[in-house]
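Below are some numbered remarks for a colleague who works with coordinates and cut-offs.

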Amino acid sequence: WGIVNSKGYVLYEAQFNSFIKLNDSLFLITKGGECDIFNRCEGSKFGIINKNGNFLVPLKFDGIGEIKDSFVEVSLNDAWGLMKLNGKLIIDIKYEDLFYLCSYVFFKENGKWGLMDLNKKILIKPKYEAISRIENTNFIKMKIDEKWGLMNCNGKEILKNEFDNINYLGDGYFLAQKNNLKGVFDSLGKLIIDIKYKDISYSGGKFILYDGDYWGFKNIKFNYLEFVNGLLLAKKDGFFGIIDTNGIKLLDFYYDSIKVFDNFILSKKGNYWTLFNTKFEEISENIDSFVVFENFLKFRKFGKWGLISKDGNLLLDAEFDYIDDLDDNKIIRIVKDGYFGLFDLNKGIIVKPKYKFIYRFYKNVYKLITENSFNYFIYEN
């Protein structure tokens, strides 16, 4: 690959193995090494240029890590360091591993992790066996003697190294496990829920607690309880129902099974399903089978198929022999009384079911076949 500017001026002749966009203004460049026919290269050197074709990171590194706050992690000869995106080396390339987070640098030396600032001042000497950033937070969990603790990104200890595992629940709450029991701490290390439960789930400011026999919520015990789309799918006395996060019952504890989707709910009693919208208004009942797609739901009752939109609205009553999947034109073939038609999710039926067969002939062209002849239907969105 070579690089040419918008005026056609060649900045670099074709000499690079790869040219990968990192964001709107930065590009990763590799050069050299042995490459196969798929342009996978061993021994390439890495660098970063901007959209003007200027190298911000020289094309000499064996590896490049994440870019954060105009800093980039760089590797050379199996060692890692930190560089500013102006080519200035901030942390020497001499550590076994390294990563930057909120103006501090976690580094690995002699198999252990420590912490320093950007002036290379050691804040925590290498002592941790492992560290792991908790996703979507600026908190780090760290391990000593197979036990996990928690710190913030400047090295302040939140939880001591005494837990079997620590996970993030959201909204500043952490799930901590010790001796197969779980509890909850906040981001300041304050104990919110005692470590005595077999499992804990959290959503939208609400916790549900499992003691090994029952799930508890609002001082009510359930056989089963799960957060689904902001609601609680519950089982009580052998039957499923739905409550909201205030404990108000939305669907009676009557059903053998319930499936909750983004815009509709299916509840099963015996061999049949009932379809509800998110207001728990009944859309259809006596459904014996259904198939959920990204944009719609097909359902069958009394041997006939119908269609529900992704918003939970009834598009077609259950009166069709067959309803096909969505094709590349967002068109669905439908069959009624043995005759084929076409259905558009936004426009409804665009070709009435009156043809012996319909198939997609080419791109947006459909062939409509009758008893003795055929013609074509061109779909234009």
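1. A residue is called buried here under 20% relative accessible area, exposed over 50%, and partly exposed in between, with a 1.4 Å probe and protein chains only. Lys 68 has a relative accessible area of 14%, so it is buried. The model is a predicted one, in which local features need pLDDT of at least 70 and side-chain atom pairs count only at pLDDT 80 or more, whereas totals for chains, interfaces and linings use all residues. Residues are numbered from 1 along each chain as its sequence is written, and side-chain values use heavy atoms, with hydrogens and water left out.

2. Lys 68 also takes part in a salt bridge (a side-chain nitrogen of Lys or Arg within 4 Å of a carboxyl oxygen of Asp or Glu). Its partner is Glu 66, and the closest N and O atoms of the pair are 3.9 Å apart. The search of the whole structure finds 18 salt bridges.

3. Strand names follow DSSP runs, with helices (H or I) of at least four residues and strands (E) of at least two, numbered from the N terminus; two strands are said to pair if DSSP finds at least two bridges between them. On that basis, four strands make an open sheet in the order E9-E10-E11-E12, with antiparallel pairing. Its edge strands, each pairing on one side only, are E9 (63-68) and E12 (89-95). Within the sheet, E10 (residues 71-76) and E11 (residues 79-84) are joined in the antiparallel sense over six bridges, and Phe 71 stands opposite Lys 84 in E11.

4. E25 pairs with E26 (residues 206-210) in the antiparallel sense over five bridges, and Tyr 202 stands opposite Phe 207 in E26. The two strands form a hairpin with two residues between them, and Gly 204 in the turn has a positive phi of about 55 degrees.

5. Asp 328 and Arg 360 meet through their side chains in a salt bridge of 3.4 Å, N to O. This pair links distant parts of the chain, 32 residues apart, with Asp 328 in the loop between E41 (322-323) and E42 (331-336) and Arg 360 in strand E45. Asp 328 is exposed, with a relative accessible area of 63%, whereas Arg 360, at 34%, is partly exposed.

6. A salt bridge also joins Lys 356 and Glu 371, with the closest N and O atoms 3.9 Å apart. Here the partners are 15 residues apart, Lys 356 lying in the loop between E44 (348-355) and E45, and Glu 371 in the loop between E46 (365-369) and E47. Lys 356 is partly exposed at 38%, while Glu 371 counts as exposed at 58% relative accessibility.

7. Phe 361, Tyr 362, Phe 374 and Tyr 376 form a nonpolar patch on the surface, with about 450 Å² of accessible area together. The elements that give two or more residues to this patch are E45 (357-362) and E47 (374-378). Patch members have over 30% relative accessible area and no salt bridge, and nonpolar side chains (Val, Leu, Ile, Met, Phe, Trp, Tyr) are joined within 5 Å, like charges within 9 Å; accessible areas come from the Shrake-Rupley method with a 1.4 Å probe, and for residues only the protein chains shown count as cover. Tyr 376, in strand E47, counts as partly exposed because its relative accessibility is 42%.
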